Amino acid sequence: CASILSDPSFTITPTFSRHPKPHFEDSFTSKTLKSDDTISACISLYKRTSPITEVRSLMTLGNGLNGGPYMLHGGIIATLMDDVIGTLMTVNQNPSAVTAYMNVRYLMPVVTPQTVLVVAKSRGSIGEARKVFVDAEVRDSVGVVLAKAEALWVRFKERL
């Protein structure tokens, strides 16, 4: 964690989905997945580029998210990657972008409890583009990739 947090090419940003909103958006991540047994800590950083092409989030996972013994539920693995992609969209002023599809590959079990690194990187245009292609990964504490996803996010012309 220390090497990621001290990397001078990254800046800490709020993990927007972890904060309650007035119309209940993000309530799954800001309430349900925010406890000592679920995701007890989360900090996000973005790479200093324009537009911002990469976001990283360190997340401390508890046993309350398990699908198997000491293993994170697969749906939560997908949720973590989707959430970090959402942070990437938000720091790029695309808050009305949503997931059109996400293909997930589960490579190894995500053991709990542990702190993981979730990374989202755009593939191509992200600034004013209506469609944004993004890759995401969940990595363990030594950098082993445990899951990967490729996603398409689309931006609405007007906020819903």
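Modeller: A residue is called buried under 20% relative accessible area, exposed over 50%, and partly exposed in between, with a 1.4 Å probe and protein chains only. In this predicted model, buried residues make up 42% of the 160 residues. Residues are numbered from 1 along each chain as its sequence is written. Local features need pLDDT of at least 70, side-chain atom pairs count only at pLDDT 80 or more, totals for chains, interfaces and linings use all residues, and side-chain values use heavy atoms, without hydrogens and water.

Biologist: How many helices and strands does the protein have?

Modeller: Helices (H or I, at least four residues) and strands (E, at least two) are DSSP runs, numbered from the N terminus. Here there are 3 helices and 9 strands, and their order from the N terminus is α-β-α-β-β-β-β-α-β-β-β-β. The radius of gyration, taken over C-alpha atoms, is 15 Å, close to the 15 Å of the globule rule for 160 residues, so the protein is as compact as a globular protein of that length. That rule is 2.2 Å times the number of residues to the power 0.38.

Biologist: In which sense do E2 and E3 pair?

Modeller: Two strands pair if DSSP finds at least two bridges between them. Strand E2 (residues 39-47) and strand E3 (residues 54-61) pair in the antiparallel sense over 7 bridges. A hairpin of 6 residues joins E2 to E3, and Ile 43 stands opposite Leu 58 in E3.

Biologist: Which residue in E2 is the bridge partner of Thr 13?

Modeller: The partner is Ser 44. Strand E1 (residues 10-13) pairs with E2 in the antiparallel sense, over 4 bridges.
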